[in-house]
Amino acid sequence: MKYKYVLFDLDGTLINTNKIIIDSFKYTLKNHLDIDIEDREIFKYFGEPLLTTLERFSKEKAVDMFDTYIQYNESIHDKNIEAFENVDSVLKYLTDLGCIMCIVTSKRKILAKRGLKLLDLLKYFDKVIACEDTIKHKPEPDPIFKALSELNAKPELSLMVGDSEYDIKCAKNAGVKSVFVGWSEAAIHQNQDIEADYVISDIIQLIDIVK
């Protein structure tokens, strides 16, 4: 087995929360700044911490907008979340293969775990590294360093899988190989110059990379 430790981003990689995130941003920006924003303008910030994105629109109101976003996001979360096709079967296969897996997300831990539990996916992961676990976030290497430390994993045996340039840059900065996934709508709006070690269009392809 080439990669024993597989680190996954969550939103846009394993679970489809695009509509939830887009609707939450639109609701928040409209209420606080009276801004109507197009989806593509939001997609390009997918993968970075929420507060960082909100500060791009208003540093003065970012904290208040954060609270509004969280409240609205949680109110629509459970009924709109779904796993991408073949995610469960591939995670099961990797588990049976002997892989040790971890979530590395910019999302809050409580909501990350909530989504994983709703979709019965939490059982596949040894750890969930979320935004509150590190001071610095993607694309800085700290979240992956934290994951490697928690798993007692070697970088050369580890793989980061994600749908944004923040995931890929985080992996590069941490010295681990990366996989850029193309099945999320958000991936289409990412920087086309992303330098991932692998690019896949179906999660089933991940199996051959790991083996």
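## Helix H1 and its packing

The buried residues of helix H1 pack against strand S2 (15-16), helix H2 (39-43), H3, H4 and helix H9 (185-188). Those buried residues are Asn18, Ile20, Ile21, Ile22, Ser24, Phe25, Thr28 and Leu29. Buried means under 20% relative accessible area, exposed means over 50%, and partly exposed lies in between (1.4 Å probe, protein chains only). Contact means heavy atoms within 4.5 Å. Helices (H or I, at least four residues) and strands (E, at least two) are DSSP runs, numbered from the N terminus. An α-helix has 3.6 residues a turn, so residues three or four places apart point the same way.

H1 has 16 residues. From first C-alpha to last, H1 reaches 22 Å, close to the 22 Å expected at 1.5 Å a residue. The expected span is 1.5 Å times one less than the number of residues. Just after H1, Asp34 takes a positive phi of about 55°.

## Basis of the model

This is a predicted model, in which local features need pLDDT of at least 70, side-chain atom pairs count only at pLDDT 80 or more, and totals for chains, interfaces and linings use all residues. Residues are numbered from 1 along each chain as its sequence is written, and side-chain values use heavy atoms, with hydrogens and water left out.

## The largest pocket

The largest pocket has a volume of about 550 Å³. It is lined by 31 residues, and the closest to its centre are Glu48, Pro49, Leu50, Ser106 and Lys107. Helix H1 (18-33), helix H3 (50-57) and helix H4 (62-80) are the elements that give two or more residues to this lining. H4 gives the largest share, five residues. By class, the lining of the largest pocket has 13 nonpolar, eleven polar and seven charged residues.

The search uses a 1 Å grid over the protein atoms alone. A pocket is an open set of points with protein on both sides within 12 Å along at least five of seven lines. A cavity is a set of points where a 1.4 Å probe fits but cannot get out. Lining residues have an atom within 4 Å of a point. Grid points are joined across faces, edges and corners, and a volume is the space filled by probe spheres set on the points. Ala, Val, Leu, Ile, Met, Phe, Trp, Tyr, Cys and Pro count as nonpolar, Asp, Glu, Lys and Arg as charged, and the others, Gly among them, as polar.

## The cavity and Ala130

The structure holds one cavity of 30 Å³ or more. The largest cavity has a volume of about 50 Å³. Its lining consists of Val104, Thr105, Ser106, Ala130, Cys131, Thr134, His137, Lys138 and Pro143. That lining divides into four nonpolar, four polar and one charged.

Ala130 sits in the loop between strand S5 (127-129) and helix H7 (142-151). Ala130 is buried, with a relative accessible area of 3%. Leaving aside neighbours within four places in sequence, Ala130 is in contact with Thr105, Lys107, Arg108 and Lys109. Ala130 and Ile203 are 73 residues apart in sequence and 22 Å apart in space, C-alpha to C-alpha.

## Strand pairing

Strand S4 (residues 100-104) is largely enclosed by the rest of the structure, because four of its five residues are buried. Four bridges join strand S1 (residues 5-8) to S4, and the two run parallel. Tyr5 has Ile100 in S4 as its bridge partner. S4 also pairs with S5 in the parallel sense, over three bridges. Here Val104 stands opposite Ile129 in S5. Two strands pair if DSSP finds at least two bridges between them.

Strand S7 (residues 177-181) also has four of its five residues buried, so S7 is largely enclosed by the rest of the structure. Strand S6 (residues 158-162) pairs with S7 in the parallel sense over four bridges. Val161 stands opposite Val179 in S7.

## Backbone features in loops

The peptide bond from Lys138 to Pro139 is cis, with omega near 15°. Pro139 is in the loop between S5 and H7.

Asn86 is not a glycine, yet has a positive phi of about 70°. Asn86 lies in the loop between strand S3 (82-83) and helix H5 (87-97). At 27% relative accessibility, Asn86 counts as partly exposed. Asp120, not a glycine either, has a positive phi of about 60°. The place of Asp120 is the loop between helix H6 (109-118) and S5. Asp120 counts as partly exposed, at 44% relative accessibility.
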